[in-house]
Amino acid sequence: MRREIDLKEISDGRLYTENDLVKAGCGDCQGCSACCRGMGTSIVLDPLDIFRLTTQLDMTFEQLLQKYVELNVVDGVILPNLKMTGAEEACAFLNAEGRCSIHPHRPGICRLFPLGRYYENHRFQYFLQIHECPKEPKTKVKVKKWIDTPELKKNEQFINAWHDFILEMQDRLLKLGDEKTSRESNLYLLQEFFLTPYEKERTFYEQFAERLARAKKIFR
C-alpha cells in the first residue's frame, strides 16, 4: 500500500480526474496479455475485489485461495493478491487464449492499468504509467469509461476509506512491534473483510461500511 514514487519518472507528469481524457486505450488488448504475466504479488486485492469474485464466481474465499489467490504481508498487514502460476508466471485467471476469464468482474487494479492512483490528503487522483503497457498505439479515453466501475463516486469513497484504514493498521502494528498482537490483528482483518462471506443480494458498500465500523471499534 505504501509506494514512494517520483511521478516525473513513471508518468506523463499529469494527474487526472474521472472526466479527463487519458491516452490509455489499447484496442481491447488484442493479441497482448503482458500485464497478466510476471506481476509477482503486486495485484493486491481489496474487499470489493473479493466481493466481486466470490459472488460472481459462486466461490468462497477459501476456494479462491486453492488456485487463484494467495496471501502475502504488505507492510505488516496480511492481504490477498492474485496468484501467478506456471513457467510464464501468468495470472491464474488467464485462459488458454491469453484472455481474462473474469473480465466483467476483474479486480480494481486490473481495471485501472495502466493508470495508477496518487494519494494525497486522504484523497487520490489518477496518473498514467507510461512505461508499463507495451500495447501500441494508444488512444484517448475518458478515465471513468476506462475504469468501467459502476457508482464511481461511491467506489472512490470506498477506496479512500480502505486505503486510510490499512495505513492506520500498518502504523499501529509497526509501533506495537508485538508478534502475537500482530498475528491476532491480521487474523481478525482477514476474517472480517475477506473470509466472512458477503451477501450477494445486498450492496457491497453498505456491507463494507458495517464491517469497517466494527473494525474501527476493535482498534480504536
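These legends describe close-up views of a predicted model. Local features need pLDDT of at least 70, side-chain atom pairs count only at pLDDT 80 or more, and totals for chains, interfaces and linings use all residues. Residues are numbered from 1 along each chain as its sequence is written, and side-chain values use heavy atoms, with hydrogens and water left out.

**View A. Helix α2 is mostly covered.** Helix α2 spans residues 47–57. Helices (H or I, at least four residues) and strands (E, at least two) are DSSP runs, numbered from the N terminus. In α2, 9 of 11 residues are buried. Buried means under 20% relative accessible area, exposed over 50%, and partly exposed in between (1.4 Å probe, protein chains only). The buried residues include Leu48, Ile50, Phe51 and Leu53. Asp49 and Arg52 are also among them. Packing against the buried residues are α3 (61–67), α4 (108–112), α6 (152–176), α7 (179–195) and α8 (204–219). Contact means heavy atoms within 4.5 Å.

**View B. The two ends of α2.** At the start of α2, a side-chain oxygen of Asp46 comes within 3.0 Å of the backbone nitrogen of Leu48. A polar contact is a pair of N or O atoms within 3.5 Å; within protein, one must be able to donate a hydrogen and the other to accept it, and residues adjacent in sequence count only if both atoms are side-chain atoms. Asp58 follows α2 and has a positive phi, near 55°.

**View C. Helix α2 crosses α8.** The two axes come within 11 Å and cross at roughly 130°. Axes are lines fitted to C-alpha atoms, for helices over the stretch in contact, and angles run from 0 to 180 degrees between N-to-C directions. The pair is therefore oblique; under 35 degrees counts as roughly parallel, over 145 as roughly antiparallel, 65 to 115 as roughly perpendicular and the rest as oblique. Pro47, Leu48 and Phe51 of α2 meet Phe204, Tyr205, Gln207 and Phe208 of α8.

**View D. Helix α7 and its N-terminal cap.** Asp178 is the cap: a side-chain oxygen lies 3.3 Å from the backbone nitrogen of Lys180. Buried residues of α7 include Leu189, Leu190, Phe193 and Phe194. Glu192 is also one of the buried residues. Their cover includes α2, α3, β2 (69–74), β3 (77–82), α6 and α8.

**View E. Thr17 in a loop.** Thr17 lies between α1 (7–10) and β1 (21–25). Thr17 counts as partly exposed because its relative accessibility is 34%. Leaving aside residues up to four places away in sequence, Thr17 touches Gln125, Tyr126 and Val143. The C-alpha atoms of Thr17 and Phe127 are separated by 8.9 Å, although these residues are 110 residues apart along the chain.
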